[in-house]
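Here is a short briefing on one protein model.

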Amino acid sequence: NSVFEDKNVMPHLAKSVGVKTPKVLFSRVKGFYLDAENQPTTCDKVLEALHNHGRLFIKPSVDSMGGRSCVLAEVREGIDTKSQQPLVGILQQMGDDFVVQECLVCHESLREIYPKSVNTFRVFTYRWKDLIYMAPSVIRMGKGGMDVDNATQGGIFAGIKEDGQLYDYAITKYGQRYYEHPDTALRFEDCKLSLFPKVIDAAMKLHHALPQVGVSNWDLTLDADGD
C-alpha cells in the first residue's frame, strides 16, 4: 500500500488505464530530482526552468494527507510572489519526496460551487470476491479563500449520489452544517453534477488495475474539458 500511496507512482498507473493526472513539471524521489520525462536532473536546472513559470503547485508525495505542506506558488524571477519566499527555499523545505505540477483548472460546474480550490470527489471502492463495488461518495469543497479543499484545512464536504445529485447539506469535520456554500450561496440541494458518472468510471478503472488492494479511496476531479 505504501508504494501505491506515493504520489510519484500513481500517475504511471493512471496513465495505463487512460485516467488523466496533473502535468508533472519536476519531481523529487528519495532525494533524486527527475524531469517531466523521469530523467535525472539537478536542483539548479529545476530552479532555472521554473524561474518565471508563474502558477504551480508543489506537494509532498510521501506521507501526505490533509493538504499538509502543499504550496500554491506564483513564481517570478525565482521568487514566490504570494509568500515572498525564494523558490529554492520552498524546495528545500519540501524534503526528499515531492512533486511540482501545473495547476489544474476545474470544470465550470465545480467552479460555480467554489472557484478558488480544486474541488475533488472522494470515491470509495472495494473488492469483494471477484468484483469491485463503490461505497457512498462525497464532494469536497474549499471555502473562505482557501486554496485546498481538505476538511482538515477548513473545507466542507457533502454526500453525492451516483447520478451527481448532491445531498441537501455539507458539513465540516466537526459536524457543522451548511445548506448553501458560505462563499457562493449555491444551495446544495439544487446542485446536480451531471458529469459525476465519469468520475465513478475512472475510479473503477483505477481499482481494477490494482488487484493487490482490497479497499481504496480515490481523490478525483473534473478538469476544464470535463475529463
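Which ring does the charged end of Lys-161 sit over? The ring is that of Tyr-167, and the charged end lies 5.2 Å from its centre. Keep in mind that this is a predicted model. The points below are grouped by topic.

**Charges over rings**
- Lys-161 has its charged end over the ring of Tyr-167.
- Arg-177 lies over the face of Tyr-169, and the distance to the ring centre is 3.9 Å.

**Aromatic pairs**
- The structure holds 4 aromatic pairs.
- One of them joins Tyr-33 and Phe-98, whose ring centres are 6.1 Å apart. The planes stand at 75°, and over 60 degrees counts as edge-to-face, so this pair is edge-to-face.
- Tyr-33 belongs to strand S2 (residues 32–35), and Phe-98 to strand S8 (residues 98–101). The pair therefore ties together parts that are 65 residues apart in sequence.
- Tyr-33 and Phe-98 are both buried.
- Tyr-169 and Tyr-179 also pair, with ring centres 5.7 Å apart. Their planes are at 55°, so the pair is tilted.
- Tyr-169 lies in strand S13 (residues 166–171). Tyr-179 lies in the loop between strand S14 (177–178) and helix H5 (196–208). This pair ties together parts that are 10 residues apart in sequence.
- Tyr-169 is partly exposed, at a relative accessible area of 27%. Tyr-179 is partly exposed too, at 40%.

**The open sheet**
- An open sheet of 8 strands runs in the order S3-S2-S1-S8-S4-S5-S6-S7, with antiparallel pairing.
- Which strands stand at the edges? They are strand S3 (40–41) and strand S7 (85–86). Each has a single partner strand, so one side of each is left without a neighbour in the sheet.
- Strand S1 (residues 24–29) pairs with S8 in the antiparallel sense, over 4 bridges.
- Phe-26 stands opposite Val-100 in S8.

- Helix H3 covers residues 87–94. Its buried residues are Leu-87, Gly-89, Ile-90, Leu-91 and Met-94.
- An α-helix has 3.6 residues a turn, so residues three or four places apart point the same way.

**Strand S9 and its partners**
- S9 and strand S11 (residues 137–141) pair in the antiparallel sense over 3 bridges. Thr-120 has Arg-140 in S11 as its bridge partner.
- S9 and strand S15 (residues 215–220) are antiparallel as well, with 6 bridges. Here the bridge partner of Val-123 is Trp-218.
- S9 and S10 run antiparallel and are joined by 4 bridges. Thr-125 has Met-134 in S10 as its bridge partner.
- S9 and S10 form a hairpin with 2 residues between them. Lys-129 in the turn has a positive phi of about 60°.

**Nonpolar surface patch**
- Which residues form the nonpolar patch on the surface? They are Tyr-126, Trp-128, Leu-131, Tyr-133 and Val-215. Together they have about 540 Å² of accessible area.
- Strand S9 (120–128) and strand S10 (131–134) each give two or more residues to the nonpolar patch.
- Trp-128 lies in strand S9. Its relative accessibility is 55%, and the cut-off for exposed is over 50%, so Trp-128 counts as exposed.

Conventions:
Residues are numbered from 1 along each chain as its sequence is written. This is a predicted model: local features need pLDDT of at least 70, side-chain atom pairs count only at pLDDT 80 or more; totals for chains, interfaces and linings use all residues. Side-chain values use heavy atoms; hydrogens and water are left out. Rings of Phe, Tyr and Trp (its six-membered ring) pair if their centres lie within 6.5 Å; planes under 30 degrees apart count as stacked, over 60 as edge-to-face and the rest as tilted. Buried means under 20% relative accessible area, exposed over 50%, partly exposed in between (1.4 Å probe, protein chains only). A charge sits over a ring if NZ of Lys or CZ of Arg is within 6 Å of the ring centre and within 35 degrees of the ring normal. Patches are made of residues with over 30% relative accessible area and no salt bridge: like charges are joined within 9 Å, nonpolar side chains (Val, Leu, Ile, Met, Phe, Trp, Tyr) within 5 Å. Accessible areas come from the Shrake-Rupley method with a 1.4 Å probe; for residues, only the protein chains shown count as cover. A salt bridge is a side-chain nitrogen of Lys or Arg within 4 Å of a carboxyl oxygen of Asp or Glu. Two strands pair if DSSP finds at least two bridges between them.
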